[in-house]
Amino acid sequence: QRIIYLSSTSVYGEDVAYFEKISEIQFEGEISNNPLSFKYYDENKIVLSKTMKEHLRFATCYWHSFTWPGLDPFGGPTLNRPWMKSGNTMEMAELKLEEAFDFFSKITTPYFCFHDRDISPEGETYAETQKNFFHIIDLMEKKMSQTGVKLLWGTANAFSHKRFMAGASTNPDPEVFAYAAAQVKDCMNATNRLGGENYVLWGGREGYETILNTNMKIEMENLARFLELVVNHKHKIGFKGQILLEPKPHEPTKHQYDFDSASCLALIRKAGLENEIKLNIEVNHATLSGHNFEHEIAYAISNNVLGSIDINRGDTLLGWDTDQFPNNAHDLLMPFYYIFSNGGLKQGGLNFDAKIRRQSIDPEDLFYAHIGGMDVAARVLLAVEKMINDKILPKYVDDRYSNWNNELGTFIHDKNNDLESIASKVINENLEPKPKSGQQELLENILNKYL
Ligand code: XUL
Ligand code: CO
């Protein structure tokens, strides 16, 4: 009943199902030369009093790994996969589900993530689209209980179809808003049924191309209204997961209202939902916004809105969202230090919102990509454990701010005091601040020791 895959490479000379020749990936340690093994990710290893599996909460994503066919703006599909052979049909959706769960089980990410349109095709009408979707959700529910793979989050794709070309909730046409609302309602219900731990909203086209045709006030009010509807629905259906907003500065639209963590928090506050919505922060979106990942993480943690992570990597020489698998330990060290010294990922996780390169056309390539990402994250977690136990960084930082616990700091924070009483202290006490070294180079040298 499975469609047979004829591989392009010599390894696959015979007819096989796509991942048939690959078995479950095992931890073999640094000494192993087997490229299909983990060198650092040992899911049962205890780090900072939990297992690696419990800390890192990896998820494989459905879209880049099973739906994207290897397109770029100049060329067509390169990934010759059996579930893409005869178009976007229900038969193909069922095969895709089969192969995706085979992969999830073999790569051993405990979670996965999906968009509604990744798992099932659109029909002629929304009613038909909905029927397709819930048919696959029924099968997915069975697959999840057979394999034990869990859902980190679901989300709706309200950006690919041409009806969304001018946005979803920020569209000038309320019919498009209603259409997106219908999709999000169904996808939230499905996520709830599957025991999803979060529900993500990525704006996609919630922005604009030119102010010439745009009423920004209406668009932003409608976006806030959408967030309110989502939160109300969450409570109505008793969904226990977190609602997360995912920042991205541009691409596809030029200006996005959800530009970065700070702009997303402003939107959440505009809707009065600061106790209801957190953030799903993506590495490559952080760098596209002109920040780095650690800034976005630190901003979210400082404002108590860190929800989950889309883990990937950009390319410093290319100015777009390359969504590569993470493999640079240095880039992850401070973000992970911040996350794991502040309580960890909790209900969130590390979702591989990452794709293999167009030329990576063999079944093994998807494994190498995930293995590399899981190993680098595990390696950084081990380094972070040492950093936390050594307590060197907090010593410097705490010392730098320690005067805020003294008399002047307390005086400034005391609401009974005002600008005049603070200013008069400068004259009466003859205050003359003494500059102190920020010690950046010293701290950078300390950090290097952990890699
Ligand atoms: C797009 C992106 C999305 C979201 C979910 O750049 O990151 O895949 O994560 O819609
Ligand atoms: Co993402």
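## Close-ups of a predicted model

**View 1. The cobalt site, read along the chain.** The residues that donate to the cobalt ion (ligand 2) follow the spacing E-x35-E-x27-D-x42-D in the sequence. Two of them come from distant parts of the chain: Glu246 belongs to strand β10 (residues 242-246), Asp353 sits in the loop between β14 (350-352) and α12 (363-390), and 107 residues separate the pair. Keep in mind that this is a predicted model.

**View 2. What holds the cobalt ion.** On the protein side, the donors to the cobalt ion (ligand 2) are Glu246 (OE), Glu282 (OE), Asp310 (OD) and Asp353 (OD), at 1.9 to 2.2 Å from the ion. The arrangement counts as octahedral because the six donor atoms around the cobalt ion (ligand 2) subtend angles of 79 to 172 degrees.

**View 3. Ligand 1 and its shell.** Around ligand 1 you'll find Trp63, His115, Trp153, Trp202, Glu246, Lys248, Glu282, His285, Asp310, Asp321 and Asp353. Sort that shell by type and you get three nonpolar, two polar and six charged residues.

View 4. Zoom in on the oxygen atoms of the ligand. Glu246 puts a polar side-chain atom 2.7 Å from an oxygen atom of ligand 1, and Asp353 also has a polar side-chain atom 2.7 Å from an oxygen atom of this ligand. For Trp63, an N or O atom of the side chain is 3.1 Å from an oxygen atom of ligand 1. On its own, ligand 1 would expose 300 Å², and the protein buries 94% of that.

**View 5. Glu246 and Asp353, buried or exposed?** Glu246 has a relative accessibility of 3%, so it counts as buried. Asp353 is buried too, with a relative accessible area of 6%. Both residues are also among the protein donors of the cobalt ion (ligand 2).

**View 6. Asn198 and its two polar partners.** Asn198 is part of strand β8 (residues 198-202). With 0% relative accessibility, Asn198 counts as buried, because the cut-off for that is under 20%. Its side chain makes a polar contact with the side chain of Gln242 at 2.8 Å. A polar atom of the Asn198 side chain also lies 2.9 Å from the backbone oxygen of Gln347.

**View 7. Arg117 in a helix.** Look for Arg117 in helix α4 (residues 116-119). Its relative accessibility is 15%, so Arg117 counts as buried. A polar atom of the Arg117 side chain lies 3.2 Å from the backbone oxygen of Ser120.

Terms used: Residues numbered from 1 in each chain as written. Chains lettered and ligands numbered in written order. Predicted model: local features only at pLDDT ≥ 70, side-chain atom pairs only at ≥ 80, totals over all residues. Heavy atoms only, no water. Near = heavy atom within 4 Å. Polar contact = N/O pair within 3.5 Å; in protein donor to acceptor, adjacent residues only side chain to side chain. Areas by Shrake-Rupley, 256 points an atom, 1.4 Å probe, with all protein chains shown as cover. Nonpolar A, V, L, I, M, F, W, Y, C, P; charged D, E, K, R; others polar. Donors = N, O, S within 2.8 Å, 3.2 Å for Na, K, Ca; no water. Tetrahedral: all angles 85-135°; square planar, octahedral: opposite > 155°, others 65-115°. Helix = DSSP H or I, 4+ residues; strand = E, 2+ residues; numbered from the N terminus. Buried < 20%, exposed > 50% of the residue type's maximum accessible area, 1.4 Å probe, protein only.
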